[in-house]
Amino acid sequence: MLYTTAMDKAIIVDHLVKNFEVTVKEPGLTGAIKSLFSPKKKQIHALRGVSFTIQTGELIGFIGPNGAGKTTTLKTLSGLLYPTSGFIEVLEHDPWERKPEFLKQISLVMGQKNQLWWDLPAIETFELNKAIYEIPTREYEENLNELTTLLEIKKYVNTPVRKLSLGQRMRMELTASLLHKPKVLFLDEPTIGLDLVAQQKMRDFIYEYNRKYRATIILTSHNMDDLVNLARRVVVIDEGKILFDGALEDLTSRFAKEKIIRATLSSNDNIAEIDKIGKIKKLAFPEVVISVPRSTIAVAASELLQNFAVDDLTIEEVPIEDIIRRVFKGELKK
Amino acid sequence: MSIVQEFTYRLNFIMWKVRNIIQILVFFFLWDAVFSGRNGQIFGYTREQIFTYAFVLIVVRAVVFSVRSNDMAGQISNGELTNLLLKPVNYFKYWITRDAAYKILNIIFGFIEVGGLILILKPNIFFQSNPVYFLTFILSLIVSMFIYFNILAMTSFVPFWVPELAWGAQFLVIAVIVEFLSGASFPIDIFPKSIYQILMLTPFPYLIFAPIKIYLGSFSYLEVFRSLSIGAIWGVILWSISKTVWKKGLKVYEGVGR
C-alpha cells in the first residue's frame, strides 16, 4: 500500500527549537520602574532541537523534571506556540496554522486548566462544544453517553461546575475534550490532584480510549503509576533536549549504572566486611542487598560467593521506579 | 449560550444597568440646571434637542458600548485564551457573536429604560420620522460597533507583550479617551470649531456623536455621507491594525499558567 508510511506517522517533530523572551524584574518598586524604562530581556531556551516521530495509535509518556520542556512541546504540537525554528507535522498539518480540520482532530487536556463554564452545569459546555466542533446530534448523544458512563459522572452533568469535586470536574473536563473523538490526544498531568481511586479510573479510561479508537496519545505525568501502567514507550526530556527515547524497560539498562545483588546468607561471619564488595542497600541477616557498578557485577558476585556463606543469590536490575524518580529530579545526564 | 451566561450574572447585570441609569440622570439634571431660567439655545442646542440627545444616548450606548469583548485582555494575560485557541473557532467571530448576544439583551433593556425615564421625567422628545435619517442612523450604528470592537481588540492585545497592563491600557483608551471624545459625556460640537474639526478626523466621534447627530437630523445629507465614509474608512484601518497586532501577538503568546 502506498499511503501506509505517510499515514502511519501521526506526529513528526524535527529539530524543534523554542525560545522565550522574558523581562527580568528586580524586586520592589524601584525594580518595577527600572524595568519599565530599560527592560532587561532574557532568552529562555525551552526546547533546543527536539526530534521524534510517533506512529498512529501509540501511547507514549513524556517524562522529565519541572521546566524540562514537556508542556512547551505539547503546546507547540497543538498549535498554541509558534516554534522559533524546526519542523512539526501533526496529522499532516502544520499545527501553527490552526486549521479547523486540524483542531477538530486533536485535543489538549491539562490538569490545571478548565474549559468548563464555572457557573453553569457541565452539560452546557458539552452543548457548546457540540456546536463548535459541529458534531452531529446522534454522534454527540452516543459519545456523551459513552464518556459519562465510562467516567461514572452521568448523574452530575446538570450540577453547576463550581459545586463539583476536583475529581468529578477533571472527568468532566476530559469528557468535554473528547466529545469530538480526537485522533490525537495530548494529556498534560491528567491525574494531578486526584485521589487514588480517581487516578485509577482515569488510567483505565485512557488505556481504553487508546485501544478502542487507535488514538495517538502523548502523556506527561509525575505520577509513577501513570507511566508504568500506560506508556510502553517513553521520551525523557531535560533542559529542552531529549535524553532517551525508547521502550520503558530499556530505560533501566540505559541509565542504571548499577545492578542489584540480592543474597541470602547462612551465617553472619564477616558480615561487616560485606561493604567492600558494593554499596549496602539493605542488611538484615540473613538477607543482604547491595548495589554494584554494572561493569564489575560478575567479579562482585564471585567474590561474594567465595568469601561468604551464601545460600542463594540473584542479580537484578534497579527498579524502574528508581530511574524514573531520578528523571524527575533531573539527575540523568546524557 | 452567551445569553444564558449573562443571566447567571443577574446581579452584575442589574448593577451595571443601575449605573447606566444614574449616568443618564446626571446628564439630564446637569443640562436641566443649565437650561433653567433660560430660553433659546446653548452651544447651539435647544432644551428639547439636548434632552433628545440624552435619550438617544441611552440607546446608542446600549448598542455600541455594551460588549463582552472587554474580557479579551484579561483572557490573554491569564492564559485562558489557550482554551479558545484549541478550538476550531475563529477568534474574532467568537467575540463578535458574544457581543451580539450581549447587545441584543442590552438593547431590550435600553428601550425599557428609555420608556421608564420618559414616563417619569416627561421630557419633550424628538422622534425622527425621515426614513433617510433613520436608515443612515442604523448604518452609522453598524459602523460605530465595528470601530469600537476594533479599538477594544487593539487595546486588548497589549497584554501579549506586557501581561501586567491588561487593565491599564484599556482603561486609558476606553474610559478616558473614548468617553470624552466620542460624545458619550457631552456633544462634542460644544468644543471650539477648530478643535471640533480636528476631532472629526479621528475615529472617536463616529462612535456616539455622529450616530446621534444623524438621528437628530442635524447633519445635512452631505455631512451624513461624509461622516459615514470617514467612519467606515476608520473601521477598515482599525480592523487591519487589530488583525495584524493579533497575528504578531500570537507569535509571542506563551499561554502562561495553563
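Predicted model: local features only at pLDDT ≥ 70, side-chain atom pairs only at ≥ 80, totals over all residues.
## Helices H5(A) and H7(A)

H5(A) spans residues 122-132 and H7(A) residues 166-178; helices are DSSP runs of H or I, at least four residues, numbered from the N terminus. Their axes come within 9 Å and cross at roughly 15 degrees, as lines fitted to C-alpha atoms over the stretch in contact, with angles from 0 to 180 degrees between N-to-C directions. That makes the two helices roughly parallel (under 35 degrees).

Ala122(A), Thr125(A), Phe126(A) and Asn129(A) of H5(A) meet Met172(A), Thr175(A) and Ala176(A) of H7(A), contact being C-beta atoms, placed from the backbone, within 7 Å. These residues divide into 4 nonpolar, 3 polar and no charged. Ala, Val, Leu, Ile, Met, Phe, Trp, Tyr, Cys and Pro count as nonpolar, Asp, Glu, Lys and Arg as charged, and the others, Gly among them, as polar.

## Burial and the end of H5(A)

Buried residues of H5(A) are Ala122(A), Glu124(A), Thr125(A), Phe126(A), Leu128(A) and Asn129(A); buried requires 20 or more other C-beta atoms within 10 Å of the residue's own. After H5(A) comes Glu134(A), with a positive phi near 55 degrees.

## Helices H7(B) and H10(B)

In chain B, the axes of H7(B) (residues 131-156) and H10(B) (residues 209-216) come within 8 Å and cross at roughly 175 degrees. The pair is therefore roughly antiparallel (over 145 degrees). The contact residues divide into 7 nonpolar, 3 polar and no charged; among them are Phe137(B) and Leu141(B) in H7(B) and Ile214(B) in H10(B).

## Conventions

Residues are numbered from 1 along each chain as its sequence is written, and chains are lettered from A and ligands numbered from 1 in the order in which they are written. Local features need pLDDT of at least 70 and side-chain atom pairs count only at pLDDT 80 or more, while totals for chains, interfaces and linings use all residues.

Definitions and conventions. Buried ≥ 20, exposed ≤ 12 C-beta atoms within 10 Å, placed from the backbone. Parallel < 35°, antiparallel > 145°, perpendicular 65-115°, else oblique. Contact = placed C-beta atoms within 7 Å.
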